[in-house]
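Please work through each task before reading its solution.

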Amino acid sequence: MVKKTIIITGLLFVAYSGVLYAIRTRPWFLSSQSQWQWNVSRAQEYLYEKNDARVVVVGSSLSATLVDLVPSHWFVMAFKGQSLFDGIEILQRSAAKPSLVLVEINVVTRPMNKRFVDNLFSPGFYTLREWFPVLRAKNAPGSLYLGSIRVATTLWQKHAGGHGGVAVREGAAVSTRGEDAVVRQVVGRMIDDGQESPDSQYIESCVATMKARIDMLQESGVRVILYEMPVDERVFDSPKARLLRSVIRARLPPEVYRYLPTPDCKAFRTTDGSHLDGESSVRYALMMQTNVVRMLPDLLN
Amino acid sequence: MLFNSNVFALFFIITWALYYLPVFRRFQIGILIVSSLVFYAWELPVLVVLLVCSCLVNAVVSYLVIYGDRTRRHACVVMGVGLSLCALAFFKYGPLIARALFRPTSSVGEFLLMIPLPIGISFYTFQGISLMIDALRSDRIPEFRAIVHPSFLKHLQNTTLSIVFFPQLVAGPILKAHDYIPQIREKFLRDIQWERCFRLLIMGYFLKMVVADNLKDHTFWIEYPYFLMQPTMTLLAMLFGFSMQIFADFAGYSIIAIGLAGLFGYDVMTNFNFPYIAQSFSEFWTRWHISLSTFLKEYLYIPLGGNRKGAIRTYLNLMIVMFLGGLWHGAAWSYAVWGSVHGLALAVERFISSKITFKESAFVRVVKTVAVFVLVTFAWLLFKLPDFSQVIQYLQAIFLNLHRQGDSVPATMILLYSLPIILYHACHVWRDTRLVRWIRSHDPLAYGIMLFLLVTNSGSPSAFIYFQF
């Protein structure tokens, strides 16, 4: 029974690898099953496929809205529910280094998810995933199942005369314009949270950690630009956000560290007070690229 | 140390190899004890002291009961059980007491809030209590006398092993001394039931790593304030998913523990017996967390009088037992409410069945099964949201968010990962049908699929839910 089970497992492995090979030019058949799988998939995509990207963006879910909106030689390694520290740690542990790293400074008080990063570089498994793409998170059978359902739904809706309403692009934000009472409640809570007396000692220590990580990156020859994602203006102007901004600029002075211009939050719309909606994400992505090229023209191509 | 971690795999291989090496055969018990203490000490070494003290108290008390002054046997047990419960109360319920009785800024309040929660304390405390009481009952049940060896050192060794045995140390099954201690002897490689252990480990890890760990990524949004924005169907789907998740997580752990114990030559009791096919709450509690429910029945419900003191007293006993059973799970009032809900359900069910007899038909059986499942599922909300006000808000949101539209992905994925649990229960219900007999005769296919999914489709690793108890 044991032998038969192992043989069947091996056969399934080979068969599934064949399926993945057959759909390799149709990536839309694979869809992330959850936020956490999405994060792991992004990280593994960088480690195994895109580690030659010249520009890497690290940050939280705020920056994750920029995925697919940046040029092909850029890579957005922003993780939902996590922060810049995870992205920076992955870059530190990777052999290849990009020319430029854009560091989001909205979410600095969330520590690195050590288990997440350690699992990516788990001895043995790191190499196995390199040799056997079937072991990577994005290729999980559940992802194929979900992707197939999405494709089937889209095709069916198109056939039925609709406009294919299933959002095939993941992370696509839908603006609710804050009209919904619950959304207003969520935004209100975010504003209230920003009004609370911040723990300045904790913020100082987080910013100090961020500075140390950024300095280490720069010492390894990587250029770094800091940037702040636009959010709801009331959240942007909250005491907590202002304190964080002032501590960051005191520890990492603009005379020494590069910053992208601070965005005018009034010009952007969010879905929940912090995450940009689809149209705003597109505009900000373009603005970011324009500013980066202006600052570092050698990154034009 | 998680069962699904690289470090555990290494730890297990080393322990197992040393255990069966002929040159170390006479040190098998010592090897298991030392490795179990290493396993326990991995996260917070200082708490091993508490575990060792617990073993010592249990061994001394149970030994004195059998071989000490017979006039002081009861006093000994009362003292031993009292000490164990005091330790449990202090370490587990200290923060709850602090929040209820003291200001957080007071020195006592601050001190109580800082107490670390020793992992597995609820489980090993109950195992120790079982040993002490079984020793006391050896007058009425002579075979219980054999669990206390005449040599104190040997008895201490056996007691320690039965309590710290690492496969079940941190989340059960709660081993009863009279089931486990008689098994302690030299073990041989040839006695391992390889196929049984293989099946158990694959099933256990599949339930935990594929089903539970993937479901948790979708039931995460039950947490406050995320659930506020979810549409009704998603809220219901997540609740259903959490019901599946908690079963897969806990049953998965128990099955892994049974499989691991088997590899060391020990038989550990089954802890789950297809609980979601129960047609009544009393049946549910004979199928869910069996080691806890039998412990509560044997050591609390029956000593309180059980159902032998009239209807009202029976209902009261059920409420008390389930209230304490709920509180055992965690130091928050929501767990006590959860227990009380089950106690009330048991009492009401008993009352109704004494007044009304339902006609037995397939339809009635289905209705009963669904009713029990729905109530049990809603009660799990108290596990996921320990703040009672958030539970109320969640229930309100189910009714208020009917107009909201959202992503159908969570419901789709919850259904996918719940399917194994549904099939698992269905195969048991229809086990005598030709289809299920055919499936069972082609076991390698099912286990091959599970092993394949284990390798390619595991969710993000997380601790077992019951580790927090």
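This is a predicted model: local features need pLDDT of at least 70, side-chain atom pairs count only at pLDDT 80 or more; totals for chains, interfaces and linings use all residues.

**Exercise 1: the second largest pocket**

Step 1. Residues are numbered from 1 along each chain as its sequence is written, chains are lettered from A in the order in which they are written, and side-chain values use heavy atoms, without hydrogens and water.

Step 2. The lining comprises 38 residues, and those closest to the pocket centre are B:Met203, B:Pro420, B:Tyr424, B:Ala446 and B:Met450.

Step 3. Two or more lining residues come from each of helix 7 (141-159) of chain A and, in chain B, helix 10 (194-219), helix 11 (232-263), helix 18 (409-429), helix 19 (434-441) and helix 20 (443-456).

**Exercise 2: the form of chain B**

State how the radius of gyration of chain B relates to that of a compact globule.

Step 1. Chain B has 20 helices and 0 strands.

Step 2. The C-alpha atoms of chain B fill a box of roughly 70 × 55 × 50 Å along the principal axes.

Step 3. For 469 residues, a compact globule would have a radius of gyration near 23 Å, and the 23 Å of chain B agrees with this. The radius is taken over C-alpha atoms, and the globule rule is 2.2 Å times the number of residues to the power 0.38.

Step 4. Of the 469 residues in chain B, 55% are buried (under 20% relative accessible area, 1.4 Å probe, protein chains only).

Definitions and conventions:
On a 1 Å grid over the protein atoms alone, a cavity is a set of points where a 1.4 Å probe fits but cannot get out, and a pocket is an open set with protein on both sides within 12 Å along at least five of seven lines; lining residues have an atom within 4 Å of a point. Helices (H or I, at least four residues) and strands (E, at least two) are DSSP runs, numbered from the N terminus. Buried means under 20% relative accessible area, exposed over 50%, partly exposed in between (1.4 Å probe, protein chains only).
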